[in-house]
Amino acid sequence: MNLPKPFLEACERQEQPPTEHCLLVNVACQKLTHYNSQRTITLTISTATKGSGQLEGSFQTPLGLHRIHKKIGDRDPIGTVFEGRRPVRRDGNGDPAALIAHRILWLEGLEANLNRGGKADSRKRYIYIHGVGDESRLGKPHSKGCIHLGVKDLIPLFEAVPVGTLVYISEN
């Protein structure tokens with residue numbers, strides 16, 4: 001796996017060795033790169049309309065080293081719409097009102113005072129990688145802090161990555 005230098009440096013700072021799968025989110029390019037020993041895949045995403053930032057209530061995408069804290073939705077059909085991490089309906093394909101759909105990868109920050117603890121805690125901010133009903137905005141900032149991914153990319157990614165997978169969110 002050929003991880004970028006900033007990702008490796010963040011791992012070293014946190015004394016966290018890279019995991020079998022690693023995800024790099026590039027806010028400037030609106031891309032998520034999935035690294036593993038088999039291959040590297042780059043996917044189109046959407047991050048926050050308000051850019052990157054750490055604070056609760058900012059509606060910005062938090063930077064730094066994270067890990068997947070929890071996976072939600074593995075037994076639910078594609079098209080499931082979630083509210084409060086619970087399935088509420090199953091008709092979210094193409095529905096612009098389906099803000100969180102299909103699957104959720106809930107992120108937990110690993111860097112104290114950056115994305116872990118206090119008012120900058122990514123897990124307490126409910127920062128996810130998740131699907132949306134209306135995928136027409138992928139490739140442009142459009143979330144309230146989360147990372148949006150199209151269902152055709154989200155489902156295979158969800159199935160491939162285990163809880164604990166490292167996720168590095170970078171401005172560029």
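Tutor: A polar contact is a pair of N or O atoms within 3.5 Å; within protein, one must be able to donate a hydrogen and the other to accept it, and residues adjacent in sequence count only if both atoms are side-chain atoms. This is a predicted model, where local features need pLDDT of at least 70, side-chain atom pairs count only at pLDDT 80 or more, and totals for chains, interfaces and linings use all residues. Residues are numbered from 1 along each chain as its sequence is written, and side-chain values use heavy atoms, with hydrogens and water left out.

Student: With which side chain does the side chain of Ser122 make a polar contact?

Tutor: Let's find Ser122 to begin with: look in the loop between β7 and β8 (128-131). Strands here are DSSP runs of E with at least two residues, helices are runs of H or I with at least four, and both are numbered from the N terminus. The polar contact from the Ser122 side chain spans 2.9 Å, and the partner is the side chain of His66.

Student: Is Ser122 buried or exposed?

Tutor: Buried means under 20% relative accessible area, exposed means over 50%, and partly exposed lies in between (1.4 Å probe, protein chains only). Ser122 has 0% relative accessibility, so it counts as buried.

Student: Which residue makes a polar contact with the side chain of Arg85?

Tutor: Arg85 sits in the loop between β5 (81-83) and β6 (86-89). Leaving out residues up to four places away in sequence, Arg85 touches Ile72, Ile104, Trp106, Tyr126 and Tyr128 (contact means heavy atoms within 4.5 Å). At 2.9 Å, the side chain that makes a polar contact with that of Arg85 belongs to Tyr128.

Student: Why does Arg85 count as partly exposed?

Tutor: Partly exposed is the class between buried and exposed. Arg85 falls in that class because its relative accessibility is 26%.

Student: How many salt bridges does a search of the whole structure find?

Tutor: Side chains of opposite charge can pair when their charged atoms come close. A salt bridge is a side-chain nitrogen of Lys or Arg within 4 Å of a carboxyl oxygen of Asp or Glu. Searching the whole structure gives a count of nine.

Student: How many residues apart are Arg67 and Glu108?

Tutor: Arg67 and Glu108 form a salt bridge, with their closest N and O atoms 2.9 Å apart. This pair links distant parts of the chain, with Arg67 in strand β4 (residues 64-72) and Glu108 in strand β7 (residues 101-109).

Student: Which residues are linked with Glu108 in a network of salt bridges?

Tutor: Glu108 is buried at 11% relative accessibility, whereas Arg67 is partly exposed at 25%. Glu108 also meets Arg116 in a salt bridge (3.6 Å, N to O), and Arg116 is partly exposed at 35%. The residues linked with Glu108 in the network are Arg67, Arg116 and Arg123.
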